[in-house]
Amino acid sequence: MTNAEPPTPRTVVPIEHALLIADAFDQAQVTELRHSVASCAHAAGLRDERLDDFVLAVNELITNAVRHGGGQGWLRLWAEPGQLLCEVSDHGQGISAQRLDNRNRPAPDTAGGWGLWLARELTDAMDVATGPAGTTVRILAATVVTEQHTGRHRLD
């Protein structure tokens, strides 16, 4: 290259957010994965009840993936400024629109049906993409809570 040649354009690569966990799992890994999520969530800034709530929400999602999503799933956990996100995916048959739209608390004597409801209630935001090829659920917890924190919002 000489000084007369134009410089080669540089490719701008976006900075990746801090990926903390990216793992496939099945029933045998559920407990270990829950402990890893708890450790990473604590390191990312969640504390006390918010930490417990987030870990319980993730546990419900990974348990649902095993029970209803073909026996296995994939989990990604990452941190962005001021928030922690977790995405759980499976290759099940999807969730019916009726079940997905039902935001009522399950009856106290109901043995099942608590997973999505709990995940929605225990986190600051939850989105679900579902269809015949599987389901992906993403939850978010703010790691910095201020008086202006108003709770739920939609993930885009």
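Me: In this predicted model, is the crossing in which H2 passes H4 left-handed or right-handed, and what makes it so?

Reply: H2 passes H4 in a left-handed crossing. The term applies because the near helix is turned anticlockwise from the far one by less than a right angle.

Me: Why are H2 and H4 called roughly antiparallel?

Reply: The two helices, H2 and H4, pack at an angle of about 155°. Angles over 145 degrees count as roughly antiparallel, and H2 and H4 are therefore described in that way. Their axes lie 9 Å apart.

Me: How do you know that H2 and H4 meet, and which residues are involved?

Reply: Contact means heavy atoms within 4.5 Å. On the H2 side are Asp 53, Leu 56, Ala 57, Glu 60, Leu 61 and Asn 64, which meet Gly 115, Leu 116, Leu 118, Ala 119 and Leu 122 of H4. By class, this contact has seven nonpolar, two polar and two charged residues. Gly 115 belongs with the polar residues, because Gly is counted in that class.

Me: What makes a residue part of the lining of the largest pocket, and which lie nearest its centre?

Reply: A lining residue has an atom within 4 Å of a point of the pocket. The largest pocket has 31 such residues, with Asn 64, His 68, Arg 99, Gly 113 and Leu 116 nearest its centre. Its volume is about 630 Å³.

Me: Which element gives the largest share of that lining, and how do the lining residues divide by class?

Reply: H2 gives the largest share, six residues. The lining as a whole divides into 11 nonpolar, 15 polar and five charged residues.

Definitions and conventions: Residues numbered from 1 in each chain as written. Predicted model: local features only at pLDDT ≥ 70, side-chain atom pairs only at ≥ 80, totals over all residues. Heavy atoms only, no water. 1 Å grid on protein atoms, 1.4 Å probe; cavity = no way out; pocket = protein on both sides within 12 Å on 5 of 7 lines; lining within 4 Å. Points joined across faces, edges and corners; volume = space filled by probe spheres on them. Helix = DSSP H or I, 4+ residues; strand = E, 2+ residues; numbered from the N terminus. Axes fitted to C-alpha atoms, helices over the stretch in contact; angles between N-to-C directions. Parallel < 35°, antiparallel > 145°, perpendicular 65-115°, else oblique.
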